[in-house]
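Please look over the sequence and the fold before reading on.

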Amino acid sequence: MKTVSYVTVDVFTAERFTGNQLAVIPDARGLSGEQMQAIAAEFGYSEVTFVLPPDDPANTARVRIFTPTAEIPFAGHPNVGTAFVLGRQGEIFGRRPGDKLRFEERAGLVDVALLREGDKITAARIVAPRPLSVGPVIDPATVAACASLQPEDVSERTHPPVRVSVGLAFAVAELSDIGILSNARPNVSAFHEANARYPLADDSFSLFLYARTPERPWQIRARMFAPLDNVIEDPATGSASAALSAYLVSLLPQTDAKIEIAIEQGVEMGRRSIITVRVSKKNGTVCEVSVSGNCVAVMRGSIEV
């Protein structure tokens, strides 16, 4: 019987048993796609990553990302956590890792920088693989129904609810205040209806809700629901945070800007996470979006397949 090793980490946190859980299979050679999907379902985390040798030897590795129900082209905390795990290894497929890594993924190439405190790797920063894409606009009633809220709880003061992506698409919507955000509850039937109304090739309908104050517009509190992926709520969603941040910066009247955004997520779940997003805008266009966060190792073991 074949066994494969795994490592789990908590991502976007420096405190164990908070943040977002991730399982990493550092050497997934010999596993089929069906086996990868079964392992992801067995863990039940929002994502599990499977690391393979790169197709191009100039890159570090090929990374496949699975939710409990499907393979997805890109995600934030899986890249940050996988980089943390691989960087702490002595080698990656026979090569010693440096502080700059590059992952091959379905969404494209993901550049990664390992971050250290002294000699110890504590965090990673990734660059989103695709430019910002926006649309379609989503009606507030659909958002409210998915979150068990009233349509008037959905704010359109900055933008209407809309689907955005820098590698993986999410419906994003601002709520009137943090109290309303805390009251949100996913309605699975409404998510099925939204998925039929706003179909997506790469994934099912996922909803990223946020609230902020005019005094602190770049300190954001967020929640993410993806019940159609068997992720009732996600404690930290780097890909959604990156897409929302890029979109908000794109709406600024300035043609050039460099903005750092702090997104707090997972509070209502008891798994507080802090995601740092940096967005660069030049000549009116968002040109780079990066996501960074701390990680902490939790478990390691083996899986029989």
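At 16% relative accessibility, Glu-233 counts as buried, where buried means under 20% relative accessible area, exposed over 50% and partly exposed in between (1.4 Å probe, protein chains only). The model is predicted, so that local features need pLDDT of at least 70, side-chain atom pairs count only at pLDDT 80 or more, and totals for chains, interfaces and linings use all residues. Residues are numbered from 1 along each chain as its sequence is written, and side-chain values use heavy atoms, with hydrogens and water left out.

## Salt bridges

Glu-233 forms a salt bridge with Arg-223, and their closest N and O atoms are 2.8 Å apart. The term stands for a side-chain nitrogen of Lys or Arg within 4 Å of a carboxyl oxygen of Asp or Glu. Distant parts of the chain are linked by this pair, since Arg-223 belongs to strand 14 and Glu-233 to strand 15 (residues 231–234), 10 residues apart. Helices (H or I, at least four residues) and strands (E, at least two) are DSSP runs, numbered from the N terminus. Arg-223 is buried, with a relative accessible area of 4%. Salt bridges that share partners join Arg-221, Arg-223, Glu-233 and Glu-268 into one network.

The count of salt bridges by this rule comes to 13. Side chains of opposite charge can pair when their charged atoms come close.

| Arg-62 | Asp-55 | 3.9 Å |

Arg-64 and Glu-71 are both buried.

## Nonpolar cores

A nonpolar core is a set of buried Ala, Val, Leu, Ile, Met, Phe, Trp, Tyr and Cys residues joined through side-chain atoms within 4.5 Å. The largest one has 62 residues, and those with the most contacts inside it are Phe-103, Val-112, Phe-208, Ile-261, Ile-263, Val-277 and Val-289. Helix 6 (residues 238–250) gives the most to this core, contributing eight residues. At least three residues of the core come from each of domain 1 (3–127 + 294–304) and domain 2 (133–293), with domain bounds taken from an automatic or database domain assignment. A second, separate core has 23 residues, among them Ala-144, Leu-149, Ala-171 and Tyr-198.

## Helix 5

Which residues of helix 5 are buried? In this helix, which spans residues 188–197, they are Ala-190, Phe-191 and Ala-194. Seen down the axis of helix 5, these residues fall within an arc of 100°, so they line one face of the helix; the arc is that of the directions from the helix axis to the C-beta atoms. An α-helix has 3.6 residues a turn, so residues three or four places apart point the same way.

The buried residues of helix 5 pack against helix 3 (140–146), strand 13 (207–213) and strand 14 (216–226), where contact means heavy atoms within 4.5 Å. On the face turned away from the buried side are the exposed residues Ser-189 and Ala-196. The N-terminal end of helix 5 is capped by Asn-187, which has a side-chain oxygen 3.1 Å from the backbone nitrogen of Ser-189. A polar contact is a pair of N or O atoms within 3.5 Å; within protein, one must be able to donate a hydrogen and the other to accept it, and residues adjacent in sequence count only if both atoms are side-chain atoms.

## Local features

Ser-155 is found in strand 10 (residues 154–155) and is buried, with a relative accessible area of 9%. A polar atom of the Ser-155 side chain lies 3.2 Å from the backbone nitrogen of Arg-157. Leaving aside neighbours within four places in sequence, Ser-155 is in contact with Glu-174, Leu-175 and Ser-176.

Some backbone details complete the account. Gly-135 and Pro-136 are joined by a cis peptide bond, with omega about 5°, and Pro-136 is found in strand 9 (residues 133–137). Asn-230 has phi near 60°, a positive value in a residue other than glycine. Asn-230 is placed in the loop between strand 14 and strand 15 and counts as exposed at 54% relative accessibility.
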